[in-house]
Amino acid sequence: MGILNDLHVLSNGAKWSDLKKPLYYKPILISVFMRFLQQMTGITPILIYLEPIFHMTDVSLELKYDAALVVVVRMMSIVIAASLMDKVGRKAQLFSSGYAMGCGPVTWLLMSEILPLGARGVASGLCVGVSWNTAFILTQLFMHVVEAYGLFATFLFFCVVSVVNIIFTAKCVPETKGRTLEEIENYFRTGRTFTILDS
């Protein structure tokens, strides 16, 4: 009987039936779409196929230096992003100029802040699964699409996805900087702005 009861429980006392409540489904959907769109920008296949991509372009550096240069720039961007997260806010940083400064690290932090405590374990697993399955599929398809349509069409698609990601972030993702867990959960529970707890 205990096992059957466990099937109805997500974690921390939340039940599967609670997923009908905005407190649960809104942050879960936002987190899933953040991770999906983050991968659909093409970051994983681009990093995996850096050498062939540079080989198809007219970059003048030797191929072995191209990948090293990308890694150095990404590392510097991640360090800058980590130092800015609490200063400029999470949402503003998702609009920033590069993957490693914006949607790369920030989506993971935002996900951990907006997911409700009662479903955080299961929802985090779902988000990670969506993220890496999307990355796997894109990586498998990337070179086939490049061979069929060329680099321009492939990168144009990634560009369009990035614009969709910006619009999604502006319309759907809440700013969590300086907000308590209770304020964030109350925001999703009531649908009101955070200012209700500011006074």
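Leu117 counts as partly exposed, at 39% relative accessibility (buried means under 20% relative accessible area, exposed over 50% and partly exposed in between, with a 1.4 Å probe and protein chains only). Leu117 sits in the loop between H7 and H8; helices (H or I, at least four residues) and strands (E, at least two) are DSSP runs, numbered from the N terminus. Although Leu117 and Glu185 are 68 residues apart along the chain, their C-alpha atoms are separated by 8.8 Å.

Residues are numbered from 1 along each chain as its sequence is written, and side-chain values use heavy atoms, with hydrogens and water left out.

The predictor's confidence in each residue is given as pLDDT, from 0 to 100. The chain has a mean pLDDT of 80, and 78% of its residues reach 70 or more. Where pLDDT is low, the predicted coordinates should not be read in detail.

As for the overall fold, the chain holds 9 helices and 0 strands. Of its 199 residues, 38% are buried. Among contacts with a separation of 6 or more, 65% are between residues 24 or more positions apart. The accessible surface comes to about 11400 Å², and carbon and sulfur atoms account for 68% of that area; accessible areas come from the Shrake-Rupley method with a 1.4 Å probe, and for residues only the protein chains shown count as cover.

The interior can be described through its nonpolar cores, each a set of buried Ala, Val, Leu, Ile, Met, Phe, Trp, Tyr and Cys residues joined through side-chain atoms within 4.5 Å. The largest has 22 residues, of which Ile30, Met34, Leu110, Ile114, Phe142, Phe168 and Val173 touch the most other members. Two or more residues each are given to this core by H2, helix H4 (50–56), helix H7 (103–114), H8 and helix H9 (181–190). H8 provides the largest share, 8 residues. A second, separate core of 9 residues includes Leu23, Ile28, Ala119 and Ala123. Back in the largest core, Ile114 is one of the members named above. Leaving aside neighbours within four places in sequence, Ile114 is in contact with Pro27, Ile30, Ser31, Met34, Pro174, Thr176, Ile184 and Phe188.

Polar side chains are also found inside. Gln38 belongs to helix H2 (residues 22–40) and is buried, with a relative accessible area of 1%. The side chain of Gln38 is joined to that of Arg35 by a polar contact of 3.0 Å (a pair of N or O atoms within 3.5 Å; within protein, one must be able to donate a hydrogen and the other to accept it, and residues adjacent in sequence count only if both atoms are side-chain atoms). A further polar contact, of 3.4 Å, links the side chains of Gln38 and Gln39. Gln39 is likewise in helix H2, and counts as buried at 1% relative accessibility. Not counting residues up to four places away in sequence, Gln39 touches Thr44, Ser131, Trp132, Thr134, Ala135 and Leu138. Ser162 and Met40 lie 122 residues apart in sequence and 8.0 Å apart in space, C-alpha to C-alpha.

Side chains of opposite charge can pair when their charged atoms come close. A search of the whole structure finds 1 salt bridge, defined as a side-chain nitrogen of Lys or Arg within 4 Å of a carboxyl oxygen of Asp or Glu. In this salt bridge, the side chains of Glu183 and Arg179 meet at 3.5 Å, N to O. Glu183 counts as buried at 9% relative accessibility, while Arg179 is partly exposed at 26%. The buried residues of H9 are Glu183, Ile184, Glu185, Asn186 and Phe188. Just after H9, Gly191 takes a positive phi of about 80°.

How values were computed:
Contact = heavy atoms within 4.5 Å.
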